[in-house]
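Please open the model in your viewer and keep the sequence beside it.

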Amino acid sequence: MARILITGGAGFIGSSLAEALVADQSNFVIIVDNLLTGKLENLPSPDLNNWVFEQVDVNDFKSIEKIFNKYEPEYVFHFAAVVGVERTLNNPLMVLEDIEGSKNIAKLSVSHKVKRIFFASSSEVYGNPFEVPQKEETTPINARLPYAAVKNISEVILKTYGQEFGLPYTIFRFFNTYGPRQSSDFVISRFIKQALSGKPITVHGPGTQTRTFCFISDTVETILKILYNDLRLNTTINIGNNEEVSMLKLAEMTKAITGSKSRIEIIPPREEGEILRRKPDISKMLSILRRPLVKLEDGIAAIVKVWTEHRGKGIPAFPQSPYKLFNSVYLSHIK
Ligand SMILES: NC(=O)c1ccc[n+]([C@@H]2O[C@H](COP(=O)([O-])OP(=O)(O)OC[C@H]3O[C@@H](n4cnc5c(N)ncnc54)[C@H](O)[C@@H]3O)[C@@H](O)[C@H]2O)c1
């Protein structure tokens with residue numbers, strides 16, 4: 001299909017997308033990452049010859065310019081960012097540097113006539129939300145913390161380059177996503193890890209705060225459909241799940257699925273950054289995906305299975321059955 005650049009492509013979502021894209025031999029995927037949180041073991045199989053990896057900091061213009069000059073990507077997924085609640089709260093200046101990355105990618109996408117740039121924004125732009133569920137066009141942006149502000153500014157950069165230079169773009173507002181390759185900086189991976197090791201499952205108080213969690217195959221399949229069917233041009237789309245669960249319930253669910261004897265322990269609430277409720281309006285996503293979303297219990301069980309089977313080895317991006325594996329047959333089916 002195309003030459004596709006993924007920044008942050010050794011990370012959780014980026015590498016899962018890369019794995020799906022390289023399954024189609026007509027794609028050539030350029031994976032860029034500075035390995036801040038990404039891992040080399042997330043890269044696609046070395047048996048495939050339709051991808052390359054370049055260790056590059058996208059916030060450094062000259063370095064990322066070389067990549068555009070060398071590979072002339074037709075599509076760009078800009079997923080590189082400093083992520084994780086603790087990491088972003090503890091390193092606000094590092095987070096602000098990511099504004100440079102977004103500007104660099106937008107500028108280079110214009111000068112290299114990229115066909116479309118897809119940006120990984122976040123539900124964090126809604127901040128403590130004014131309404132539930134959060135809708136792409138009407139819910140006011142309430143970004144305060146540096147991470148959320150950078151996502152908001154990056155969205156504005158893309159829209160402005162779109163207006164001024166006709167740069168085609170799509171903004172993904174990811175809500176909490178989870179899957180086999182997510183690090184234990186994030187709650188579901190942490191709970192599973194704690195449960196499997198028999199350590200206490202630690203829940204930030206009060207424990208009644210709710211979240212929604214989207215399984216990685218739902219996220220990636222939506223992205224593929226948008227890419228291959230040329231949907232959502234110059235617009236924003238929430239990508240998430242709308243099934244709400246409290247953190248206490250999630251801890252109990254994880255304990256039951258793993259058969260763990262861990263006790264559930266309430267720890268102090270976070271001082272900053274704890275949003276009490278968040279739930280996306282996903283009507284646009286569902287109209288594209290056209291199938292039910294993976295249930296939370298099934299997603300957690302799938303991760304436990306993958307982790308148990310692949311202990312100490314590279315973790316596959318997607319579980320096998322009962323979820324669809326992204327192979328070329330499947331890809332040609334959805335095009
Ligand atoms: N996972 C979620 O639930 C979620 C929710 C909302 C938004 N997002 C966004 O989706 C994107 C992917 O997140 P993820 O969960 O896969 O996190 P991740 O940490 O696994 O992936 C981010 C990747 O970007 C790389 N990176 C960071 N700074 C870089 C730089 N300057 N240059 C090159 N590479 C750099 C990291 O090494 C890492 O591999 C991020 O932009 C994140 O903000 C994720």
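What is the order of the seven strands in the open sheet? Select them and read across: the order is β3-β2-β1-β4-β5-β6-β11, with parallel pairing, where two strands pair if DSSP finds at least two bridges between them, and where helices (H or I, at least four residues) and strands (E, at least two) are DSSP runs, numbered from the N terminus. At the edges are β3 (51-55) and β11 (235-239), each of which pairs on one side only.

Before going further, note that this is a predicted model, in which local features need pLDDT of at least 70, side-chain atom pairs count only at pLDDT 80 or more, and totals for chains, interfaces and linings use all residues. Residues are numbered from 1 along each chain as its sequence is written. Colour the chain by pLDDT, the predictor's confidence in each residue, from 0 to 100: the average is 92, and 93% of the residues score at least 70.

Next, select β6 (residues 169-174) together with β11, two parallel strands that five bridges join; here F172 stands opposite I237 of β11.

Follow the chain into the loop between α8 and β11, where D230 lies. D230 has a positive phi of about 60° although it is not a glycine, and it is exposed, with 11 other C-beta atoms within 10 Å (exposed means 12 or fewer such atoms, buried 20 or more, and partly exposed in between, with C-beta atoms placed from the backbone). N234 lies in the loop between α8 and β11 as well; its phi is near 55°, and it is partly exposed, with 15 other C-beta atoms within 10 Å.

Finally, select the ligand and the 28 residues around it, of which G8, G11, F12, G38 and A81 come nearest, a residue being near if its C-beta atom, placed from the backbone, lies within 6 Å. The elements giving two or more residues to this shell are α1 (12-22), β2 (28-33) and β5 (116-122), and α1 gives the most, with three residues.
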